Amino acid sequence: MSELVNILYRNAVVLLQELVATPSPSGSEDGTADILASFLTKRGVDGICRSGNNVWAFNRRHDPAKPTILLNSHHDTVRPNPAYTRDPFTPQTEEGKLYGLGSNDAGASVVALTAAFLWFYDREDMPYNLCLALTAEEEISGRGGIESILPQLGPLDFAVVGEPTGMRMAIAERGLVVLDCTARGTAGHAAREEGDNAIYKAMRDIEWFRTYRFPHESELFGGVKMSVTVINAGSQHNVVPAECRFTVDIRVTDRYTNEEVVETIRRHVECEVSPRSVRLRPSYIDPAHPLVRAGAALGLGTFGSPTTSDQALLDIPSLKIGPGNSARSHSADEYILLDEIRQGIEIYIAMLSRLLDGAG
């Protein structure tokens with residue numbers, strides 16, 4: 001096994017260097033999509049599919065009658081942090097670190113999952129199919145990412161989502177709802193105490209957002225978290241404002257659906273409440289799921305992730321796990337340890353092997 005892993009590892013590092021050297025901000029990932037499709041083609045993968053900048057393939061002996069495991073990560077990046085001291089698009093290797101934009105988030109997961117997929121690609125008599133999907137627009141939760149290709153992937157039973165977790169298993173992830181709220185009053189002259197001040201009406205609702213506690217708390221996350229983050233009202237000092245707009249960032253736990261949270265808020269506040277989206281849902285996978293048991297058998301720990309990923313768009317059980325450290329994501333001089341890439345490949349293979357050999 002070790003020599004083949006060595007080959008997969010070396011190829012993965014070269015692939016990651018090519019990805020780093022090719023700018024791929026969300027919505028403009030055509031260059032990295034080309035690289036990934038070419039990489040798979042050169043390694044004998046048949047039936048590679050592409051839609052927009054999403055690339056996917058199934059194992060050679062794909063059987064529609066069998067359940068399918070999705071292996072997913074994203075190859076888009078944020079734009080470079082202005083504090084970079086290195087060229088973000090020049091992959092540099094120093095002291096066991098590979099520097100470059102997207103190396104940690106989530107290039108290392110992309111190449112490690114791809115290596116694991118290639119390990120199993122030709123295997124016969126597997127009880128599961130494998131679908132490798134390397135997708136776009138994750139950083140902006142865009143509709144041109146994984147959400148756009150799910151109907152084309154066919155039935156999926158559960159997923160491994162590659163994100164930098166230090167190869168710990170994120171068995172739950174907070175959902176995200178952003179609300180645009182509008183408190184309405186009546187304009188008037190401030191000197192004559194006319195009108196109905198929309199700011200004062202907004203203040204009552206903002207205080208509710210600050211103090212309300214949803215009754216059901218998550219074992220992993222605690223309570224739903226609501227934060228008022230933007231506010232705007234008024235045009236001049238002597239006019240009572242007729243309107244006050246504010247924005248609320250809500251991090252939803254696995255104890256509620258996004259719709260339930262929005263409905264509860266509407267019952268309690270006076271302002272108009274308009275969710276920008278309820279697409280980014282909280283996720284949870286049962287610790288007794290075979291995928292989690294397979295990781296636990298390898299000594300991998302579990303946790304609840306406060307950050308969102310493409311898990312939020314998957315309506316199947318999913319486990320977020322990948323090489324790297326979330327704290328490095330979107331930071332200046334982003335890097336991945338080379339040892340983390342190797343470890344990621346080895347752990348992905350070991351976890352899937354336990355599943356495919358019936359030992360999960």
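Trainee: Which helix gives the most to the lining of the largest cavity?
Mentor: H3 does, with 4 residues. H1 (2-20) and H3 each supply at least two residues of that lining. These names denote DSSP runs numbered from the N terminus (helices: H or I, at least four residues; strands: E, at least two). The model is predicted: local features need pLDDT of at least 70, side-chain atom pairs count only at pLDDT 80 or more, and totals for chains, interfaces and linings use all residues. Residues are numbered from 1 along each chain as its sequence is written, and side-chain values use heavy atoms, with hydrogens and water left out.

Trainee: What makes a set of points a cavity, and what makes it a pocket?
Mentor: The test uses a 1 Å grid over the protein atoms alone. In a cavity, a 1.4 Å probe fits but cannot get out; a pocket is an open set with protein on both sides within 12 Å along at least five of seven lines. A residue belongs to the lining if it has an atom within 4 Å of a point. Grid points are joined across faces, edges and corners, and a volume is the space filled by probe spheres set on the points. On this basis, the structure holds 2 cavities of 30 Å³ or more.

Trainee: How many residues line the largest cavity, and which lie nearest its centre?
Mentor: There are 14, and Leu19, His75, Thr77, Gly102 and Gly107 lie nearest the centre. The space in this cavity is about 80 Å³.

Trainee: How do you know the class of each residue in a lining?
Mentor: The class follows from residue type: Ala, Val, Leu, Ile, Met, Phe, Trp, Tyr, Cys and Pro count as nonpolar, Asp, Glu, Lys and Arg as charged, and the others, Gly among them, as polar. The lining of the largest cavity has 5 nonpolar, 7 polar and 2 charged residues.

Trainee: Which residues line the second largest cavity?
Mentor: Its lining consists of Leu8, Asn11, Ala12, Leu15, Phe39, Val111, Thr114, Ala115 and Leu118. H1 and H3 are the elements that give two or more residues to it. The volume is about 50 Å³.

Trainee: How do H2 and H3 lie relative to each other, and why?
Mentor: The axes of H2 (residues 30-42) and H3 (residues 103-120) come within 12 Å and cross at roughly 20 degrees. Axes are lines fitted to C-alpha atoms, for helices over the stretch in contact, and angles run from 0 to 180 degrees between N-to-C directions. Angles under 35 degrees count as roughly parallel, over 145 as roughly antiparallel, 65 to 115 as roughly perpendicular and the rest as oblique. H2 and H3 are therefore roughly parallel.

Trainee: What is the hand of the crossing in which H2 passes H3?
Mentor: A crossing is left-handed if the near helix is turned anticlockwise from the far one by less than a right angle, and right-handed if clockwise. H2 passes H3 in a right-handed crossing. Leu36, Phe39 and Leu40 of H2 meet Val110, Thr114 and Leu118 of H3 in this contact (heavy atoms within 4.5 Å). The contact has 5 nonpolar, 1 polar and no charged residues.

Trainee: At what angle do H7 and H8 pack?
Mentor: H7 (residues 290-297) and H8 (residues 338-356) pack at about 125 degrees, with their axes 9 Å apart. That value makes H7 oblique to H8. The crossing of H7 past H8 is right-handed. The contact joins Pro290, Leu291, Ala294, Gly295 and Ala297 of H7 to Met351, Arg354 and Leu355 of H8. By class, 6 residues are nonpolar, 1 is polar and 1 is charged.

Trainee: How much space lies in the largest pocket?
Mentor: About 400 Å³ of space lies in the largest pocket. It is lined by 23 residues, with Asp105, Glu138, Glu163, Thr307 and Thr308 closest to its centre. The lining has 7 nonpolar, 10 polar and 6 charged residues.

Trainee: What joins Asp105 and Ala106?
Mentor: A cis peptide bond joins the two, with omega about -5 degrees. Ala106 lies in H3.
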